[in-house]
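Subject: Structure handover

Hello,

I am passing this structure on to you. Please open it and keep it in view while you read my notes.

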Amino acid sequence: MNEDKYLPYGVLFMRLALAFTLLAAIADKAGYWGEPGSPTIIWGDWHVYISYMHSLLPFTSKSTTEILATMATVLEGALALMLLFGIKVRWAALGTGIYSLLLALGTLVFIGVKAPFNYSLFVVCAAGFLLACCPIYRFTAHGIKKRSTYHPY
């Protein structure tokens with residue numbers, strides 16, 4: 001029996017799960033999920049997110065924090081779109097892993113030990129690194145165009 005038979009479907013699911021996780025974070029920052037302070041909302045507002053980022057980066061000024069928060073959100077959006085549409089999946093997965101690891105470590109140091117586990121940051125980080133190591137990306141722009149399986153290395 002071929003052990004790799006179902007691997008492309010697992011890789012596709014992990015790719016989409018990571019993409020929608022990043023997009024959900026962006027939607028939360030924009031306030032699409034609900035008002036700040038609601039039970040299931042982390043930020044709910046851009047200004048609340050800036051305050052949160054400032055707690056992660058207490059050594060920066062408020063204006064620098066806003067620039068870094070904007071850059072982080074743009075990075076999240078770019079990584080999410082790359083994962084969603086299967087563009088440079090390995091690099092997007094690696095970027096997602098590194099970004100979420102840095103966010104998890106910042107949360108761990110400046111907010112507390114429990115926070116990165118509540119936000120599942122280490123799970124997102126591990127999923128990103130695992131996806132970057134997967135040898136089969138069948139459902140990508142390259143794989144569909146060539147009607148074959150893309151092996152990135």
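Below is what was found, from the whole chain down to single residues.

**Overall**

Please keep in mind that this is a predicted model. The protein has 7 helices and 0 strands. Along the sequence the pattern reads α-α-α-α-α-α-α. Of the 153 residues, 37% are buried. The accessible surface comes to about 9100 Å². Carbon and sulfur atoms account for 70% of that surface. Take the contacts between residues at least 6 apart in sequence: 52% of them join residues at least 24 apart.

**Helix H1**

H1 covers residues 7-30. Several H1 residues are buried, including Pro 8, Val 11, Met 14, Arg 15, Leu 18, Asp 28 and Lys 29. The buried residues of H1 pack against H2, H3, H4 and H6. After the helix comes Gly 31, with a positive phi near 90°.

**The salt bridge**

The structure holds 1 salt bridge. Glu 76 forms it with Lys 29, and the closest N and O atoms are 2.6 Å apart. The pair links distant parts of the chain. Glu 76 sits in helix H3 and Lys 29 in helix H1, 47 residues apart. Are these two residues buried or exposed? Glu 76 has a relative accessible area of 4%, so it is buried. Lys 29 is at 1%, so it counts as buried too. The cut-off for buried is under 20%.

In soluble globular proteins, nonpolar side chains tend to be buried together. Here the largest nonpolar core has 17 residues. Leu 18, Leu 83, Leu 131 and Tyr 137 have the most contacts inside it. H1, H3, H4 and H6 each supply at least two residues of this core. The largest share, 5 residues, comes from H1. There is also a second, separate core of 14 residues. Among its members are Tyr 52, Met 53, Leu 103 and Leu 121.

Which residues does Leu 131 contact, leaving aside neighbours within four places in sequence? They are Val 11, Met 14, Arg 15, Leu 18, Leu 83, Val 89, Ala 93 and Tyr 137.

**Helix H4 and Ser 100**

H4 runs over residues 89-110. At 1.5 Å a residue, its 22 residues should span 32 Å; the end C-alpha atoms are 31 Å apart, which agrees. Its buried residues include Val 89, Ala 93, Thr 96, Tyr 99, Ser 100, Leu 103 and Thr 107. Their cover includes helices H1, H2, H3, H5 and H6. H4 is followed by Gly 112, whose phi is positive, near 150°.

Ser 100 belongs to this helix. It counts as buried because its relative accessibility is 4%. What does the side chain of Ser 100 have beside it? One of its polar atoms lies 2.8 Å from the backbone oxygen of Thr 96. Not counting residues up to four places away in sequence, Ser 100 touches Leu 121, Val 124 and Cys 125. The C-alpha atoms of Ser 100 and Phe 122 are 7.2 Å apart, although these residues are 22 places apart along the chain.

**Thr 60, in a loop**

Where is Thr 60? It lies in the loop between H2 and H3. At 15% relative accessibility, Thr 60 counts as buried. Its side chain reaches the backbone oxygen of Leu 57 at 2.8 Å. A polar contact of 2.7 Å also joins the side chains of Thr 60 and Thr 65. Beyond four places in sequence, Thr 60 touches His 54, Thr 65 and Leu 68.

**Where to start**

Begin with the salt bridge between Glu 76 and Lys 29. Then go to Leu 131 and its contacts. Finish with Thr 60 in its loop.

Best regards

Methods. Residues numbered from 1 in each chain as written. Predicted model: local features only at pLDDT ≥ 70, side-chain atom pairs only at ≥ 80, totals over all residues. Heavy atoms only, no water. Helix = DSSP H or I, 4+ residues; strand = E, 2+ residues; numbered from the N terminus. Buried < 20%, exposed > 50% of the residue type's maximum accessible area, 1.4 Å probe, protein only. Contact = heavy atoms within 4.5 Å. Polar contact = N/O pair within 3.5 Å; in protein donor to acceptor, adjacent residues only side chain to side chain. Expected span 1.5 Å × (residues − 1). Core = buried A, V, L, I, M, F, W, Y, C linked by side-chain atoms within 4.5 Å. Salt bridge = Lys/Arg side-chain N within 4 Å of Asp/Glu carboxyl O. Areas by Shrake-Rupley, 256 points an atom, 1.4 Å probe, with all protein chains shown as cover.
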